Amino acid sequence: MRIAIVGLGVVGASVARALALDGAEVTVFERRRPGGGTSGTSYGWINSHRKEPRSYHELNREGMAEHEALWGAGGDFYVRSGALEWAIDDAGRERLAANDAQLRDYGYPLEVITRERAAEIAGDVLIPPGVTEVSWYPGECYARPVALLARLWDEARDHGAILRCPVGVTGVEPLANGARVHTGVPEPERFDRVVLAAGRWTGELTRMVEPAIPMVAPEAPVSPGFLAYTTPIAARVSCPVVAPQLNFRPDGGGRLLMQALDLNAQATAGERSRPGPTFTAEILDRLRSLLRGGEHARIERVDLGLRSLPADGHTVAGLDDSGSVYILATHSGITLGPLLGKFAAREILHDEPVARLRDFRPQRFTGATAFPQLTPARQPGEQ
Ligand SMILES: Cc1cc2nc3c(=O)[nH]c(=O)nc-3n(C[C@H](O)[C@H](O)[C@H](O)COP(=O)(O)OP(=O)(O)OC[C@H]3O[C@@H](n4cnc5c(N)ncnc54)[C@H](O)[C@@H]3O)c2cc1C
């Protein structure tokens, strides 16, 4: 089967890999560069925290299991590290306890451990005085998203997938049994199936497709997040740490990647958003209070990430009404990419509907005009 994929982020690379391994003839169209969308500016925490409703939690859990099945303990692109979280005030402790109770109820691996044990696990992380208990999520992992993408694409390419880049797709036109991909040349190219893996640009590509998928605009408060990378430092951090006011994790080569969710409120101009003048000083101060040797850290760069979010906040995975265009659009795409790629290949090549995707079909948008107000990720553990 000849299949076109639009977009080479982690989701496009995952589906290209799964389709190519299963014998499809795959051509990927990428307008900018591999990882030039949200996958190039992502935190890469692989988890199923605060992912509601239950079906979305389970999808993410299966996403975690798929990474483990593919990579085991991992390489530099994926690390099975576990993750730690604590709270410092009553409100925070209450939120964390409620979240842990919910996760326990779902059978999610977690342990509440002493600060001493947490300190042993975490390396040079300083747990604030007064914190006696820390939540430990041993099944969680992190990926360096661009390295993960490269790993996925290597396998796709080794199984015959072709990349056309930089080539922008201007439209996808469903036919009775196939679809045409328009790229601005006089003769659009026909494929047996087209997969849309275009992230936050999915809306513009579903103009000719039923149903169209509404996506959250980059200007919406829920979309942006700053990612601050340190210079290499000697401190050891062994896993993602979720502390009040700061998330941080190792990023290879001695660098740390940090997020301060409350400071994301400074991103008010969509793609043109820049951190405020005190951002760097503020985030470094927070790191210094949480890391032995953190005083040696400097900020190497700050990236702006813009989320790929369908208007109701949940994953879209499935064929359009014509049956020729498969739509994949999701937040948490680093956690979910390889699993969604596998599921899409099964549905496209073998006509086997995947029950796990039942709540995530594009058709829920048919005729929909009103969507819930999505709340920006500002509390510890949100992403
Ligand atoms: C700040 C932040 C933190 C995050 N943290 C996490 C996390 O901890 N864990 C997690 O699992 N997820 C996280 N995410 C979400 C995750 O990064 C995304 O869900 C994921 O990267 C989406 O991947 P994608 O391949 O669908 O989209 P993208 O990476 O955006 O890829 C889409 C590609 O399509 C191309 N494209 C678009 N239109 C066209 C066209 N017309 N023609 C050709 N090419 C086109 C683009 O150039 C782009 O390369 C985070 C996101 C942000 C912003």
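A disulfide is taken here as a pair of cysteine sulfur atoms within 2.5 Å, and by this rule the count in the structure, which is a predicted model, comes to zero. For Cys141, the closest cysteine sulfur is that of Cys239, and because the two sulfur atoms lie 11 Å apart, they are too far from each other for a bond. Cys141 counts as buried, since its relative accessibility is 1%, whereas Cys165, with a relative accessible area of 32%, is partly exposed.

With regard to the overall fold, the secondary structure of the protein chain comprises eight helices and 21 strands. The radius of gyration of the chain is 21 Å, close to the 21 Å that the globule rule gives for 383 residues, and the chain is therefore as compact as a globular protein of that length. Along the principal axes, the C-alpha trace of the protein chain spans about 65 × 45 × 45 Å. When contacts between residues at least 6 apart in sequence are considered, 72% of them join residues that are at least 24 apart.

The protein chain carries 42 positive and 47 negative side chains, and a distance of 3 Å separates the centres of the two sets.

Note on methods. Residues are numbered from 1 along each chain as its sequence is written. This is a predicted model: local features need pLDDT of at least 70, side-chain atom pairs count only at pLDDT 80 or more; totals for chains, interfaces and linings use all residues. Side-chain values use heavy atoms; hydrogens and water are left out. Helices (H or I, at least four residues) and strands (E, at least two) are DSSP runs, numbered from the N terminus. The radius of gyration is taken over C-alpha atoms; the globule rule is 2.2 Å times the number of residues to the power 0.38. Contact means heavy atoms within 4.5 Å. Lys and Arg count as positive and Asp and Glu as negative; His and the chain ends are not counted. The place of a charge is taken as NZ of Lys, CZ of Arg, CG of Asp or CD of Glu. Buried means under 20% relative accessible area, exposed over 50%, partly exposed in between (1.4 Å probe, protein chains only).
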